[in-house]
Amino acid sequence: MSKNVRVLQQLFSPSVQHTLDLIGIFVFAISGALLAVRKNFDVFGIAVLAEVTALGGGLFRDLVIGAVPPAAFTDLGYFLTPLLATLLVFFLHPQVERIQVAVNVFDAAGLGLFCVAGTIKAYEYGLGLTASAGLGLTTAVGGGVLRDVLANEVPSLLRWDRDLYAVPAIVGAALVALCIRYDALNPLTSALAVITAFVLRLLAMRFHWRAPRAWHRRSTVSEEEQPVLP
Amino acid sequence: MSKNVRVLQQLFSPSVQHTLDLIGIFVFAISGALLAVRKNFDVFGIAVLAEVTALGGGLFRDLVIGAVPPAAFTDLGYFLTPLLATLLVFFLHPQVERIQVAVNVFDAAGLGLFCVAGTIKAYEYGLGLTASAGLGLTTAVGGGVLRDVLANEVPSLLRWDRDLYAVPAIVGAALVALCIRYDALNPLTSALAVITAFVLRLLAMRFHWRAPRAWHRRSTVSEEEQPVLP
Amino acid sequence: MSKNVRVLQQLFSPSVQHTLDLIGIFVFAISGALLAVRKNFDVFGIAVLAEVTALGGGLFRDLVIGAVPPAAFTDLGYFLTPLLATLLVFFLHPQVERIQVAVNVFDAAGLGLFCVAGTIKAYEYGLGLTASAGLGLTTAVGGGVLRDVLANEVPSLLRWDRDLYAVPAIVGAALVALCIRYDALNPLTSALAVITAFVLRLLAMRFHWRAPRAWHRRSTVSEEEQPVLP
């Protein structure tokens with residue numbers, strides 16, 4: 001299957017790329033582990049949620065593009081990094097929660113890195129530009145959705161009362177797709193796409209940007225009066 | 001992998017087939033978007049739930065049979081149709097809910113189309129008849145299950161207090177498998193299978209057909225007294 | 001893809017292997033069906049939960065290693081066995097619940113069988129030893145996690161107030177990986193790995209072994225005072 005892989009110019013040196021991946025995996029794993037602690041899971045539950053959050057998005061992407069076995073199962077570092085995050089949170093979680101702001105900043109960085117890397121990998125495996133951007137978005141947000149599903153919560157990606165999360169990833173993925181379309185993908189432009197998504201997410205958190213709910217929802221009806229399901 | 005694809009007679013002209021697919025995707029997307037509005041999700045949550053409901057079943061089928069990348073990521077129309085449904089529900093959801101009956105009728109049509117198309121595609125990729133019918137059923141109901149899981153609800157497919165949903169799809173898929181078995185699959189018979197599943201679902205909604213619960217559940221014990229989990 | 005399959009010595013005769021697989025599938029299906037009855041699902045909900053619990057772990061493994069179509073869709077016995085479990089639970093569930101101890105013992109046997117078989121199959125398809133053990137663990141516990149997600153419960157795998165479930169499977173999978181590493185995998189050693197996982201799980205249930213929660217959770221704060229999510 002790898003014969004179909006389109007060769008894009010190498011964006012970063014392999015070791016730089018790998019380091020960036022591991023950083024993204026680590027911060028996503030921290031967010032999964034912290035939710036597990038809040039849900040009162042045991043140490044194995046923490047490890048499972050860390051692994052799923054960190055690797056779930058990329059695993060889904062690799063299954064879709066036929067890159068099997070997925071990177072999550074071929075690169076030992078990908079597998080071990082979430083366990084490191086688990087240990088850290090297990091022993092130091094009050095301290096980690098105290099630096100929640102730092103965790104959020106890293107998570108925003110992970111979002112930017114993953115939406116760009118996911119889009120590029122999907123395109124390399126032959127998907128169209130729109131589909132590549134869509135899969136890049138899925139790579140970036142998929143792990144968090146799986147985390148929330150396993151924790152039996154409504155995915156925070158879907159909730160209106162959370163700061164914008166999908167939009168920065170959509171913008172980052174779309175920028176990469178545009179760069180590919182106009183043959184302008186290089187380390188500089190892709191770094192710019194990462195940074196754009198990263199900064200947008202930081203601004204969304206800082207100013208509590210929210211997305212609108214359906215048109216007639218924004219009425220005077222209070223939350224309590226609204227039936228969850230008829 | 002596509003070399004193993006068995007060639008069945010072309011059922012419909014490709015453009016007719018594609019149009020039917022898009023209709024099925026559209027109505028499933030509407031059902032996802034409406035649930036998202038009821039759950040008070042923001043516009044991105046609505047779009048995600050519309051996409052997942054419309055494409056989830058076929059995506060799972062394509063991963064199972066090794067048809068990667070799945071049609072959901074290679075056909076731009078498949079990706080854009082749920083976004084159209086999102087816009088419609090976003091701006092007009094009270095009107096859409098008012099025509100809930102029409103939505104249910106379309107959803108029944110989608111169920112019929114997807115169980116038949118799913119069974120045929122699975123057989124073309126080399127599965128046995130029983131497995132093909134099973135995967136056709138999964139194609140038809142999978143998106144709705146994913147929708148409910150993401151919305152943090154018990155899948156309505158599983159609940160005893162919902163009108164029959166799986167049975168019409170099982171019947172449609174089984175009819176197709178029988179037609180293949182006796183070499184009688186053609187546009188007419190497969191259209192009949194679609195219509196049978198469609199009409200059965202309409203009747204189930206009209207007369208509130210329910211499936212039985214486990215034997216000793218149908219006792220005098222009221223719901224409240226039954227422990228959910230020991 | 002199957003050309004990459006590494007040939008390990010045949011562990012058991014094919015028919016013995018197949019029988020063991022079916023037993024594991026059957027007992028996992030029973031656990032899914034029983035949860036469905038407790039959740040008050042109808043007969044189709046029971047069947048779906050039985051199928052998902054029994055086949056989900058192996059299906060995920062097969063998708064990851066590229067063994068498509070997965071065994072769940074190529075071996076009719078794999079598909080029919082959960083339906084048999086469904087019938088049994090449907091008509092006899094009070095009796096089945098009364099022998100819950102027996103069901104738990106069989107489930108422990110299924111856990112042992114699946115973690116060992118999953119590790120071996122993953123290695124045969126070219127994964128590294130650590131990844132193979134990880135995927136063996138996933139094979140053993142994945143069905144139960146999917147079962148709980150579909151039933152809209154927090155997966156019992158993750159909960160601190162359940163007896164150890166992951167650890168026996170980890171030990172069994174790790175033993176197999178060690179045997180492969182030191183070229184000592186044969187029917188005897190793999191049977192020992194199955195039995196070790198099986199007995200560990202029985203002991204965990206008998207003595208209510210639990211895994212620790214995060215460090216500062218084990219404080220004097222009562223459950224009620226702990227926020228589930230800030």
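**Chain C meets chain B**

**View 1. How the two copies relate.** The copies use different surfaces here, since 16% of the contact residues of chain C recur in chain B. This is a predicted model, where local features need pLDDT of at least 70 and side-chain atom pairs count only at pLDDT 80 or more, while totals for chains, interfaces and linings use all residues. Residues are numbered from 1 along each chain as written, chains are lettered from A in the order written, and side-chain values use heavy atoms, with hydrogens and water left out.

**View 2. The contact and its area.** Chain C brings 32 residues to the contact and chain B brings 37 (heavy atoms within 4.5 Å). About 2,900 Å² is buried between chain C and chain B, 70% of it from carbon and sulfur atoms (accessible area, 1.4 Å probe, lost on being put together and summed over both).

**View 3. Polar pairs across the interface.** Look between chain C and chain B and you'll find 4 residue pairs in polar contact, both residues at pLDDT 80 or more (a pair of N or O atoms within 3.5 Å; within protein, one must be able to donate a hydrogen and the other to accept it, and residues adjacent in sequence count only if both atoms are side-chain atoms). The salt bridge count between chain C and chain B is 0 (side-chain nitrogen of Lys or Arg within 4 Å of a carboxyl oxygen of Asp or Glu).

How values were computed: Buried area = accessible area lost by both parts, 1.4 Å probe.
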